[in-house]
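Here is a quick walk through a protein model for someone meeting it for the first time. Have a look at the picture, then read on.

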Amino acid sequence: MSSLTEGHPPIGIDDINDESKHKKLNTDVVERESGEREMGHSIHRSGSRPQLDLSKAAIQGNFEEKDPTILLPNQSDDISHLALDIGGSLIKLVYFSRHEDRSVNDRRKKSIKEIFGVSNCNRRSYPILGGRLHFVKFETTKINECLDFISSKQLHRGGLDARHWNSDAPDNENAVIKATGGGAFKFADLFKERLGVSIDKEDEMGCLVSGANFLLKAIRHEAFTHMEGHKEFVQIDTNDLFPYLLVNIGSGVSMIKVDGDGKFQRVSGTNVGGGTYWGLGKLLTKCKSFDELLELSQRGDNRTIDMLVGDIYGGMDYSKIGLSASTIASSFGKAISENKNLEDYRPEDISLSLLRMISYNIGQIAYLNALRFGLKRIFFGGFFIRGHAYTMDTISFAIQFWSKGDAQAMFLRHEGFLGALGAFMSYEKHGLDDLMVHHLVERFPMGAPYTGGKIHGPPLGDLNEKASGEELVGTRSSWISDMADSNLSRDAWVQYSNSSNMLGSIHCKLHENVHQLASFQSVGFKQKISWMEKFVRKGTEITAPVPMAPPGTTGLGGFEVPSSKGDTLRSDASNLNVGVLHLVPTLEVFPLLVDPKTYEPNTIDLADHGELEYWFTVLSEHLPDLVDKAVASEGGTEDAKRRGDAFARAFSAHLARLMEEPAAYGKLGLANLLELREECLREFQFVDAYRSIKQRENEASLAVLPDLLMELDSMNEEARLLTLIEGVLAANIFDWGSRACVDLYHKGTIIEIYRMSRNKMQRPWRVDDFDLFKKKVLGSGEKKPHPHKRALLFVDNAGADVVLGMLPLARELLRRGTEVVLVANSLPALNDVTAMELPDIVAEAAKHCDILRRAAEAGGLLVDVMINAADVNKENSSSVPLMVVENGCGSPCIDLRQVSSELAAAAKDADLVILEGMGRSLHTNYNAQFKCDALKLAMVKNQRLAEKLIKGNIYDCVCRYEPASSDLQSSSLS
Ligand SMILES: CC(C)(COP(=O)(O)O)[C@@H](O)C(=O)NCCC(=O)O
Ligand SMILES: [Mn+2]
């Protein structure tokens, strides 16, 4: 039993055993978290994103300049993009940056829009603007650095990033920034003086509430429980959110009953709060900081000072009223009877006793208020909590104790930013009220120093610092503080240093870089360096031995924590857990999911530590090869090598961080890890690591395609369908993400491997629903079924996989009268084919095949030979079209809760979904249920997954067919 019981809350409430007074408090479905996803890169998501009004755009100044200023005279949106919460200790900033739109004039997209009637992607057709919400903190004592930061990014100028887009925009004399917190009053003059802006003060409590409402409605895994060091995300049904109790523990405590947006009432509070803990703690322990006091408590034993029930009852429980011997009867009560002075007590014990006294008291009052108003949920936030695992555990324990397990305390990942977010929400035109969960994707960039840490530091030169690749270096002191503030812990780096076998060589290279870069450091302010260099240098510097618990900080480990309190307690979690929120208003939920609410994309649960360790090892081992490919894809230049090293460090550090705390970035599944890797590559400007491999394999496969089509055409339809499915499964072997497959590629040419793989296709496959699928497509006996109206084929890898596998299958469906939509990635991921690449591949294939040619023309894919997609559609009205849509993803897996609007539009008339490949049909979506017929096809290229998922072996195949639920009903009736 947890030793937390040693710290049972005090007795003293009469109705402690009165069950009737304990309403059941529910938390909704509790799950372990999954990460979020996004399309961080503007390039390919651009088309499905609102656009700036570029009409009459003109370059200003020197055309030769690298990033010249562009004037957008017709850009009229007035998006306010900075709000502040200025507290006594920390300043919290929330700011919005707009995506730079780099949409290419993609003709495929035009025809898709015409065919599916997808609204023209004009930004004004969406209620909100695509962009990013950034969360940044500064210490209030360093307010000048905060002002520098705002000024360098021109965040106070409102509207667009004026400096970047419209440097001619006059400084707005009447500019106003929304702010809350005491500092909004205290520093108003300073803001006016330094930035020329007025502060519009917003009510603190109102801000807290609207911040919390926004987060709980818009972010999937925002709320979590925290018990004995274990974090679990709670899925809140947004339709059933209100009413709830928000307990804000600052210096004092406010308890707010929230009934809706803008509807709230402070129902209670207590003057015994965070200030009491810190104030009394300071007097009693001589601690210098709040964090130090908390740290002490983690090593404390409150039994030396608290009077327990057992102390009164001779070590016995007081079982008659249900109190165990370990329950605290009286906080600090032992001090009365013992003949000791303050110095005779350990500061650690005093701190723990105090923490428990105050947390339990708050927990008790909160719970009683929840009972009083019949509230189902209690969320805790405020400075006192700020992500400290140990504090959360203590509060959770109190709530559990008082509610007898009926209620659970819940916490919010962004709780430190409630006020700032609320202030942001108070601008009139933000449009965030319309935001839905599927519009938001959270990313955890590595190179950007301002991503939610306890940040202060040098000003960056540009909102798009990474895109433009340059930033200003601040003073040496701020540089050093910045170093400690990336969204990675130092320990994560140290773990990486100790664990990675690549590290030796990387270190050497990095040390060379550091010497080269040393001059930057001495040059100091205003020297321009790239953020990447800074990152590389940062990574290197912190591989030097660092103390496990640097003095004066909360530290990340190295404490002797009583085992009963859980040994994975982190006291600084929230500082590292807040990423950048990408607002992508064009994302939609895939309309063919039976139940989006219960849909869980990940098949593998990384909450299982064994799984976590296995997949982390697989990904770490794959890293050297991936770095080689990535560097080669950028021409093997010195710059590419340096970026490759930095990428390896960054990704390994993410892994180390997640190994330490799997839920650090939200709920974690394998899909999230695989996507994180792709995102990390993009962050280090590797656009397409497998580009040349994909090209080579496409060419080789296209060369043999005519022979394959001839072979297929010589078969009867039954044999042909089987051969086609075999072909898809066999060609799925071309997967550069699988260690085993990559080893195979050294042993033969593409075509040799493909032939070998096809020859091995023996039924029954490990999962084999082929006969069912065949019956649906070909019918049985005389009865010929209606063809499917439209099939969505989620394609996987480039090369043989798509050319010799999925395209011939598409051709068969087209020939049977089914419209085919090839659904491909928006962004490159491993060797997956992208939606941008597919039209060329189809055009090449169409040269050898009339069916494909006519269908591709009808689908607007052979754009070179047509003038207007609508005309072509009329001409080819006899042909069913073959189309290509992007899925909105840049990962080997797919989360169907967030797909592109063109895919969602294409899905509306679809009655067949075919998911291909391990990533899309096994790692994710293996258990997904669709409203229409669904076929999941993959070769399992990993021994462990084969054993776990299908009780088989590596290279076994899956052909899983699930008819639409209505079909299931009719067949069971017949
Ligand atoms: C990354 C992948 C999901 C890609 O598979 P695909 O979707 O292309 O079939 C798969 O190769 C994978 O799970 N690889 C990691 C495991 C391994 O190397 O065995
Ligand atoms: Mn793939």
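## A first look around

Of the 974 residues in the chain, 55% are buried, meaning that 20 or more other C-beta atoms lie within 10 Å of the residue's own, with 12 or fewer counting as exposed, anything in between as partly exposed, and C-beta atoms placed from the backbone. This is a predicted model, where local features need pLDDT of at least 70 and side-chain atom pairs count only at pLDDT 80 or more, while totals for chains, interfaces and linings use all residues. Residues are numbered from 1 along each chain as its sequence is written, and chains are lettered from A and ligands numbered from 1 in the order in which they are written.

The chain has 36 helices and 28 strands; these are DSSP runs numbered from the N terminus, with helices being H or I of at least four residues and strands E of at least two. Take the contacts between residues with a separation of 6 or more: 75% of them join residues 24 or more positions apart. A contact here means that two C-beta atoms, placed from the backbone, lie within 7 Å.

Let's start with an open sheet of seven strands, in the order β8-β7-β4-β5-β6-β21-β18, with mixed pairing. Two strands pair if DSSP finds at least two bridges between them. At the edges sit β8 (198-201) and β18 (440-443), each pairing on one side only. Neighbouring strands in this sheet are turned by 25° against each other on average, direction ignored. β7 and β8 run parallel and are joined by four bridges; A179 has K201 in β8 as its bridge partner.

How many residues of helix α14 are buried? Eight of the eight in this helix (residues 418-425) are, namely L418, G419, A420, L421, G422, A423, F424 and M425. What covers them includes β4 (82-86), β5 (90-98), β7 (176-180), α7 (204-218) and β16 (378-381).

## Two helix pairs

Two packed helices are described by the angle between their axes and the distance between the axes. The axes are lines fitted to C-alpha atoms over the stretch in contact, and angles run from 0 to 180 degrees between N-to-C directions.

| Helix pair | Angle | Axis distance |
|---|---|---|
| α8 (274-285) and α9 (290-298) | about 75° | 10 Å |
| α29 (800-815) and α31 (850-858) | about 75° | 10 Å |

α8 and α9 are therefore roughly perpendicular to each other, a label used for angles of 65 to 115 degrees, while under 35 counts as roughly parallel, over 145 as roughly antiparallel and the rest as oblique. W278, G281 and T285 in α8 meet F290, L293 and L296 in α9. That contact has four nonpolar, two polar and no charged residues. For these classes, Ala, Val, Leu, Ile, Met, Phe, Trp, Tyr, Cys and Pro count as nonpolar, Asp, Glu, Lys and Arg as charged, and the others, Gly among them, as polar.

α29 and α31 are therefore roughly perpendicular to each other too. Here R811, L814 and R815 of α29 touch I851, L852 and A855 of α31, giving four nonpolar, no polar and two charged residues. The buried residues of α31 include L852, R853 and A855. After α31 comes G860, with a positive phi near 75°.

## Another sheet

Further along is an open sheet of seven strands, ordered β22-β28-β27-β26-β23-β24-β25, with mixed pairing. β22 (767-768) and β25 (882-886) stand at the edges with a single partner strand each, so one side of each is left without a neighbour in the sheet.

Strand β23 (790-794) pairs with β24 (819-824) in the parallel sense over five bridges. R790 stands opposite E819 in β24, and L793 stands opposite L822. Six of the six residues of β24 are buried, with E819, V821 and V823 on one side and V820, L822 and A824 on the other.

Helix α25 (717-731) lies across β26 (912-916), β27 (933-939) and β28 (957-962), running at about 50° to β27.

## Around the ligand

Which residues come nearest to ligand 1? Of the 20 around ligand 1, they are G737, G917, M918, G919 and N942; a residue is near if its C-beta atom, placed from the backbone, lies within 6 Å. The elements giving two or more residues to this shell are α26 (739-745) and α34 (918-923), and α34 has the largest share, four residues. By class, the shell divides into seven nonpolar, eight polar and five charged residues.
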